[in-house]
Amino acid sequence: MDPEASTQRNPSKKDSWRSLLLLAYQSLGVVYGDLSISPLYVYKSTFADDITHSETNEEIFGVLSFVFWTLTLIPLFKYVFIVLRADDNGEGGTFALYSLICRHAKVSLLPNRQVADEELSTYIMESPPDKRNGSRVKIWLEKHKNFHTALLIVVLLGTCMVIGDGVLTPAISVFSAVSGLELSMSKEHREYAVVPITCFILVCLFALQHYGTHRVGFFFAPVVLTWLLCISTLGLYNIFHWNPYVYQALSPYYMYKFLKKTRKGGWMSLGGILLCITGSEAMFADLGHFSYRAIQMAFTFVVYPALILAYMGQAAYLSKHHHIDTSYQIGFYVSVPESVRWPILAIAILASVVGSQAIISGTFSIINQSQSLSCFPRVKVVHTSDKIHGQIYIPEVNWMLMVLTLAVAVGFRDTKHMGNASGLAVMTVMLVTTCLTSLVILLCWHKPPLVALAFLLFFGPLELLYFSASLTKFLDGAWVPILLALILMTLMFVWHYATIKSYEYDLHNKVSLDWLLALGPALGIARVPGIGLVLTDLVSGVPANFSRFVSNLPAFHRVLVFVCVKSVPVPRVPAAERYLIGRVGPPGARLYRCISRYGYRDVRRDTHDFERELAARLADFVRLTSSPQSPASLLQSETSLERGSGDEMVKMTVVGSAPDFLASCCVYETDESPQSVSLQESDFRASENGFRRRVRFVFPDSPRMDDSVREELEELATAQQAGTAFIMGHAHVKASPGSSFLKRLAIDYGYTFLSRNCRGPAVALRVPHVSLLEVGMVYVV
């Protein structure tokens with residue numbers, strides 16, 4: 001969803017404010033669903049075991065003071081005023097920070113890096129670095145390869161914790177909302193009502209994911225806004241009705257009194273207090289859907305005041321009800337007047353569903369980003385909306401999330417254990433964000449090292465304090481995100497490691513261009529009609545799987561294109577800069593190389609669209625490179641990439657968007673009578689519905705178009721109509737003899753299991769089976 005794309009380029013000041021307010025309103029439903037429902041379980045989790053509510057009110061006022069300053073320092077100061085500015089072309093999240101760092105320092109482990117990628121318009125670099133400040137640190141970071149691996153592990157850790165949060169947040173949110181029924185039921189019936197209703201809502205939520213949220217997305221913002229108005233109104237009512245002086249507890253002095261009285265128990269209770277900031281990371285992760293100003297305005301003027309009033313209201317009520325001494329009675333609903341309890345319960349359930357939907361969609365998004373960067377096994381990604389960018393659905397992940405979420409809800413059956421698990425996951429993600437943002441301040445913003453160190457030392461110890469409190473609850477639920485992260489990190493790191501090793505094998509075993517250009521009729525090589533697309537990860541040379549293919553079947557297509565679909569460390573690649581095309585060998589060989597570049601948030605096209613667009617860009621390349629007066633918008637730059645025969649350099653050209661030249665020259669007829677074809681025409685006959693169909697390509701007579709160019713375009717058009725075949729390698733990766741036990745375990749068992757049980761490259765790229773040619777290969781890495 002990119003609402004800003006529809007705004008005018010030079011809107012008036014009034015229209016600008018109107019658009020900003022609209023974006024801020026829409027962000028309530030997408031960004032703040034999880035954060036807004038935290039009052040349902042914060043006090044209940046905090047007073048679960050470690051501390052009790054006493055007559056002196058020191059505990060409840062101390063918790064309120066901690067909640068206020070935690071909300072003020074982390075979501076407001078850290079995220080709204082600092083982290084949101086560390087965007088990557090308007091995108092946020094863990095991979096956005098990693099992408100920024102990789103562009104400003106050579107610390108990426110991704111293969112296929114090219115100098116041409118730095119010419120992308122979205123490959124934005126900040127102001128030139130100050131050599132006196134961050135250069136020494138940058139050189140040190142680039143020099144030590146172990147740091148590159150450690151940085152990737154930190155990024156994967158944050159990613160795994162986000163996925164873990166996608167399991168825990170729906171469980172605790174819906175369970176906490178439904179737990180309002182406990183006040184209207186006897187103790188014997190609570191367990192038989194709350195858990196089944198929670199499971200039913202969760203099953204419905206995950207079962208409807210394949211429809212997407214674009215049909216009901218308009219419903220999210222009103223629900224969250226209504227919920228925020230309800231909790232803020234209840235907060236004001238409780239403040240004025242029970243304790244108008246509760247505002248005094250906002251003083252940091254009450255935190256000191258709280259810790260002085262409760263000591264170790266107070267420190268351990270921080271694991272429940274930190275739940276007040278669950279969902280804060282969504283402000284940064286969903287930055288690409290909205291604007292910085294819209295998210296800043298929505299939080300500062302709507303969400304933040306509403307949450308503070310809600311927590312103050314609950315504290316005011318509890319300060320006058322000292323007979324409450326159990327976590328069950330300290331829950332959110334006990335402070336809601338009975339006359340409005342049922343409407344509030346209904347709104348709370350709806351708000352919890354909206355908050356859960358936001359984190360589920362975020363989980364799909366971050367897994368898709370991980371997959372694009374070769375850090376996650378291949379899964380099927382379904383785009384649920386053609387109009388709204390980025391709305392995806394991953395079937396395998398959806399059902400696994402549902403099973404795990406139901407297991408958490410049924411297994412724990414209380415807010416205490418779910419809160420302990422969710423708190424550890426949330427705080428780990430925030431620690432990762434703090435570390436990566438410190439590097440962005442140093443490497444990308446080119447601030448002095450002291451500034452980055454000050455940011456790290458201010459927010460780092462605060463988050464470590466909460467993190468340490470969460471770790472003490474390991475046996476009380478915090479083991480769940482740790483176990484999930486361990487499994488997911490092992491899976492992701494094994495997949496990434498094996499992928500890099502496979503690429504290195506391809507790189508070391510590629511065949512020179514001289515070998516390919518030497519193939520010809522004299523060696524018994526035949527050229528068959530059609531276009532052959534050789535899919536490879538290499539950006540230069542001939543892949544070993546193609547040489548094996550030609551050795552066993554001495555024939556290949558009349559038009560052969562080596563296609564490399566690669567990811568670059570930017571969120572999106574403009575369509576006009578996506579294709580990097582070059583000619584391999586002389587024009588008569590009809591051999592080309594195409595590098596199709598995608599960002600980590602780009603939508604991959606269907607195979608049919610990719611075929612058609614690739615053929616169109618090849619035609620543009622043939623036309624425009626032959627003309628000395630090529631439009632700059634279509635022919636943008638040249639970059640020498642590889643050496644062919646002799647000293648000839650193979651040049652790659654960025655071909656921009658243009659109307660489909662081949663389609664504009666295509667004329668369909670259903671006439672069976674033979675006709676002569678001139679030099680300007682080529683034909684292709686096919687049978688369709690009992691009629692003989694002829695496709696003629698009539699190219700315009702232009703004095704600037706050479707006969708050789710016209711002939712090449714005719715062959716390209718004829719080959720396109722004859723059909724396209726995809727030639728891919730079907731690799732079996734094995735550890736080399738003498739490898740360590742861990743490497744053999746990772747490659748021979750871990751990666752082999754994943755590659756056999758996940759979707760293959762052809763399925764992931766949506767290559768039709770009738771057009772697929774797979775070449776078996778054994779990679780010994």
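**Note on the predicted model**

1. Asn243 sits in the loop that connects α9 (220-242) with α10 (253-262). The model is a predicted one. With a relative accessible area of 9%, Asn243 is buried. Leaving aside residues up to four places away in sequence, Asn243 touches Phe61, Asn238, Ala316, Ser319 and Lys320. With Ser319 there is a polar contact between the two side chains, at 3.2 Å.

2. For the protein as a whole, the secondary structure amounts to 25 helices and 13 strands. The protein has 781 residues, and 56% of them count as buried. Of the contacts between residues at least 6 apart in sequence, 81% join residues at least 24 apart. The accessible surface is about 33,300 Å², with 61% of that area belonging to carbon and sulfur atoms.

3. Strand β5 (residues 579-583) is largely enclosed by the rest of the structure, because five of its five residues are buried. Tyr579, Ile581 and Arg583 point one way from β5, while Leu580 and Gly582 point the other way. The neighbour to look at is strand β6 (residues 591-598), which runs antiparallel to β5 and is joined to it by five bridges. One of the pairings is that of Arg583, whose bridge partner in β6 is Tyr592.

4. Two loop residues other than glycine have a positive phi and may be worth a look. Ser374 has phi near 60° and is placed in the loop between α14 (341-372) and β1 (382-383). For His446, phi is near 55°, and the residue lies in the loop between α16 (415-443) and α17. Ser374 is partly exposed, at 22% relative accessible area, whereas His446 counts as buried at 16%.

5. The whole structure contains 14 salt bridges. One of them joins Lys261 and Glu58, with the closest N and O atoms 3.9 Å apart. Lys261 is in helix α10 and Glu58 in helix α4 (residues 58-81), so this pair ties together parts that are 203 residues apart in sequence. Lys261 is partly exposed, with a relative accessible area of 40%, and Glu58 is partly exposed at 23%.

6. A further salt bridge is formed by the side chains of Arg759 and Glu396, at 2.6 Å from N to O. Arg759 lies in the loop between α24 (741-757) and α25 (761-764) and Glu396 in helix α15 (residues 395-412), so the pair links parts 363 residues apart in sequence. Arg759 is partly exposed, with 26% relative accessible area; for Glu396 the value is 26%, again partly exposed.

7. Within helix α21 (residues 607-626), Asp620 and Arg623 are three residues apart, about one turn of the helix. They form a salt bridge whose closest N and O atoms are 3.2 Å apart. Asp620 is buried at 0% relative accessibility, while Arg623 is partly exposed at 23%. Both belong to a network of salt bridges that also links Glu613 and Arg617.

Notes. Residues numbered from 1 in each chain as written. Predicted model: local features only at pLDDT ≥ 70, side-chain atom pairs only at ≥ 80, totals over all residues. Heavy atoms only, no water. Helix = DSSP H or I, 4+ residues; strand = E, 2+ residues; numbered from the N terminus. Buried < 20%, exposed > 50% of the residue type's maximum accessible area, 1.4 Å probe, protein only. Contact = heavy atoms within 4.5 Å. Areas by Shrake-Rupley, 256 points an atom, 1.4 Å probe, with all protein chains shown as cover. Polar contact = N/O pair within 3.5 Å; in protein donor to acceptor, adjacent residues only side chain to side chain. Pairing = 2+ DSSP bridges. Salt bridge = Lys/Arg side-chain N within 4 Å of Asp/Glu carboxyl O.
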